[in-house]
Amino acid sequence: MARFRFRTPWATALRLGRMIKSGEHRDKDKGILTDVFSGDDGFRLEQGGLDTYQGFRHQEPNLVSIVDGKPEMAKNLDALVFRIKGIPIGAVSYLVQRNTHKSPPKDFYGRIDIVIVPGSARGAGLGRLLLLSANLVMLRGHGSSLYSISCLAAHPAVAAVLESMGYTPARRENTSFVHEELRLEGEDWQNLERDFSIRLRQSFQQVRYSLRQQIVNG
Ligand SMILES: CC(C)(COP(=O)(O)OP(=O)(O)OC[C@H]1O[C@@H](n2cnc3c(N)ncnc32)[C@H](O)[C@@H]1OP(=O)(O)O)[C@@H](O)C(=O)NCCC(=O)NCCS
């Protein structure tokens with residue numbers, strides 16, 4: 001099957017460049033994974049950006065969240081927002097939850113809920129960067145107690161990225177998503193954490209290069 005690669009349209013790339021050049025917002029001090037997202041060019045990852053994430057979600061009304069209609073689960077939802085000079089350019093929601101049917105130490109699971117990159121910024125590697133980031137945040141925060149991280153991938157790009165990270169797909173009948181799971185029981189999560197850190201650094205370099213080109217051209 002041929003793989004479709006998004007190309008950012010020229011006009012929208014220009015718009016993104018102008019938007020970032022004129023950005024006057026300041027980053028809030030909630031930076032995360034700062035060992036990776038370092039540098040003084042305003043490229044940052046922020047944790048706790050649920051409002052910003054909800055703003056992106058309103059632009060994609062067809063997406064279904066695992067916490068819709070589940071207020072208890074919704075309490076655990078968190079979000080990562082990628083910003084350039086304070087301007088949000090993509091977000092991913094995720095949660096870590098305890099399974100009361102399991103015994104410690106491996107009695108928590110992680111879920112990647114929804115990843116969204118606005119149309120003007122697609123194809124630059126941000127989806128991959130956000131998915132790697134969410135995995136890394138969960139592993140660094142809860143690695144020793146996680147038995148699994150999963151996602152209902154509603155977009156082929158999400159499934160492709162997760163599978164390249166070691167997730168196993170399971171297509172469920174009569175659904176429009178693919179269940180993707182990274183099993184962590186019996187796995188060396190610290191080794192995985194190191195591997196994802198390296199991948200995220202590479203991904204960030206690629207995104208930074210790609211978006212800088214757009215900003216320069218804009
Ligand atoms: C899904 C989405 C987040 C991807 O964001 P993005 O920034 O364009 O993704 P990336 O540029 O990081 O691309 C990720 C990978 O997927 C690949 N890809 C893109 N579209 C694809 C497709 N239709 N089928 C298979 N692979 C695809 C890319 O080639 C890239 O692979 P590579 O890194 O090996 O080159 C974005 O399209 C989006 O926000 N869509 C609307 C919301 C949505 O459906 N979210 C998913 C809900 S779970």
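Residues are classed here as nonpolar if they are Ala, Val, Leu, Ile, Met, Phe, Trp, Tyr, Cys or Pro, as charged if they are Asp, Glu, Lys or Arg, and as polar if they are any of the others, Gly among them. By this scheme, the residues of the shell around the ligand comprise 16 nonpolar, 4 polar and 5 charged. The structure is a predicted model, in which local features need pLDDT of at least 70 and side-chain atom pairs count only at pLDDT 80 or more, while totals for chains, interfaces and linings use all residues. Residues are numbered from 1 along each chain as its sequence is written.

The pLDDT, which is the predictor's confidence in each residue on a scale from 0 to 100, has a mean of 88 for the protein, and 85% of the residues reach 70 or more. Over residues 1-14, however, pLDDT stays under 50, and the model has 17 contacts beyond four places in sequence for this stretch, a contact being a pair of residues whose C-beta atoms, placed from the backbone, lie within 7 Å. The pLDDT is also below 50 over residues 19-28, a stretch with 18 contacts in the model beyond near neighbours in sequence.

Helices (H or I, at least four residues) and strands (E, at least two) are DSSP runs numbered from the N terminus, and two strands are said to pair if DSSP finds at least two bridges between them. Strand β2 (residues 78-84) runs antiparallel to strand β3 (residues 87-98), to which 7 bridges join it, and Asp78 has Tyr94 in β3 as its bridge partner. The hairpin of β2 and β3 has 2 residues between the strands, and Lys85 takes a positive phi near 45° there.

On β3, an antiparallel pairing over 7 bridges is also formed with strand β4 (residues 108-116), where Leu95 stands opposite Arg111 and Arg98 has Phe108 as its bridge partner. Strand β4 is joined in turn by 5 bridges to strand β5 (residues 146-153), with which it runs parallel, and Arg111 stands opposite Ser150 in β5. Because 9 of the 9 residues of β4 are buried, this strand is largely enclosed by the rest of the structure; a residue is buried if 20 or more other C-beta atoms, placed from the backbone, lie within 10 Å of its own.

Around the ligand, β4, α4 (126-142) and α5 (156-164) each supply at least two residues of the shell, and α5 contributes the largest share, 5 residues. Of the 25 residues around the ligand, those that come nearest are Arg122, Gly127, Arg128, Pro156 and Ala157.

Key
Two residues are in contact if their C-beta atoms, placed from the backbone, lie within 7 Å. A residue is near a molecule or strand if its C-beta atom, placed from the backbone, lies within 6 Å of it. A residue is buried if 20 or more other C-beta atoms lie within 10 Å of its own, exposed if 12 or fewer, and partly exposed in between; C-beta atoms are placed from the backbone.
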